[in-house]
Amino acid sequence: ITSREDTPEEKRSALLETLQQAKLEGLLDSDALSMIEGVFQVSELAVKDILLPRAQIDWVDIGDPITKIIPEVISAAHSRFPVFENNRDNVVGILLAKDLLRHSIENDFDIREWLRPAVFIPESKRLSVLLKDFRSNRNHLAIVVDEYGGVAGIVTIEDVLEQIVGDIEDEHDIDDEADNIVLVSEGKYRVRGMTELEQINEVFATDFSDEDIDTIAGLVIHQIGRVPKRGEVIQLQGLKCEIQRADPRQIHILIIQKTPLLEP
């Protein structure tokens, strides 16, 4: 129960406590409660909290020949690509993979003719407002710019929805519980955050203790004292751990590779 004198934060906290009590009484299941909490979270987060950093973007250079662009698009396995001209702060549009693969066999194919308009948003934009914009404008990807007008990263409608419903896996994600660790290239692995440290030790020849912490996600969070953002890199006992998928509550997917330990 709240009063008129309570702050919005106090009212929100009281409501969440009521919902948590409803879960304990069997009126809500865990998934429903998690999604409701995610809705509250979306109203509090800004684009800068979830964007894919500039350095992690799979770009298309409009000056590259089509014979170079097609293999890169196929390898990245995304549906949309920011296209730049001359430098990566000059985004000239969004290329849909389906447009490229469907029409590139035409003799007079010109990539410029198939670019969709790019949508630019500030880092400070609230996720709740962005989700509404995505729905009303039927956009799926936005270019995030910093205060100087440079490209800071990108954000997709999937990124926003994952804050509500949790990680949305697609056909390119790890899709089998038995495949917690998947080799993606020589010495580089895609790893589920829930992977137990015992399995990490077996694959990477490490000796992490699982006495107090069970999973690689738990170890990373314990190491840095918080849940890292997507794109962050953490060094753990000779392992380079890059966060590929995460939300403010948990780490979903990491890219891990062994690196030489530096001499003390």
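Which residue just after helix 5 takes a positive phi? Arg 138 does, at about 60°.

The model is predicted, with local features needing pLDDT of at least 70 and side-chain atom pairs pLDDT 80 or more, while totals for chains, interfaces and linings use all residues. Residues are numbered from 1 along each chain as its sequence is written, and side-chain values use heavy atoms, without hydrogens and water.

**View 1. The buried face of helix 5 (residues 127-137).** Helices are DSSP runs of H or I with at least four residues, strands runs of E with at least two, both numbered from the N terminus. Leu 127, Leu 130, Leu 131 and Phe 134 are buried (under 20% relative accessible area; exposed is over 50%, partly exposed in between; 1.4 Å probe, protein chains only).

View 2. Exposed Lys 132 and Ser 136 sit on the face turned away from the buried side.

**View 3. The hairpin of strand 10 and strand 11.** Strand 10 (residues 233-236) has Ile 234 and Leu 236 on its covered face, and Val 233 and Gln 235 on the uncovered one. Strand 11 (residues 239-246) runs antiparallel to strand 10, joined by four bridges; pairing requires at least two DSSP bridges. Gln 235 has Lys 240 as its bridge partner. Two residues lie between the strands, and Gln 237 takes a positive phi near 45°.
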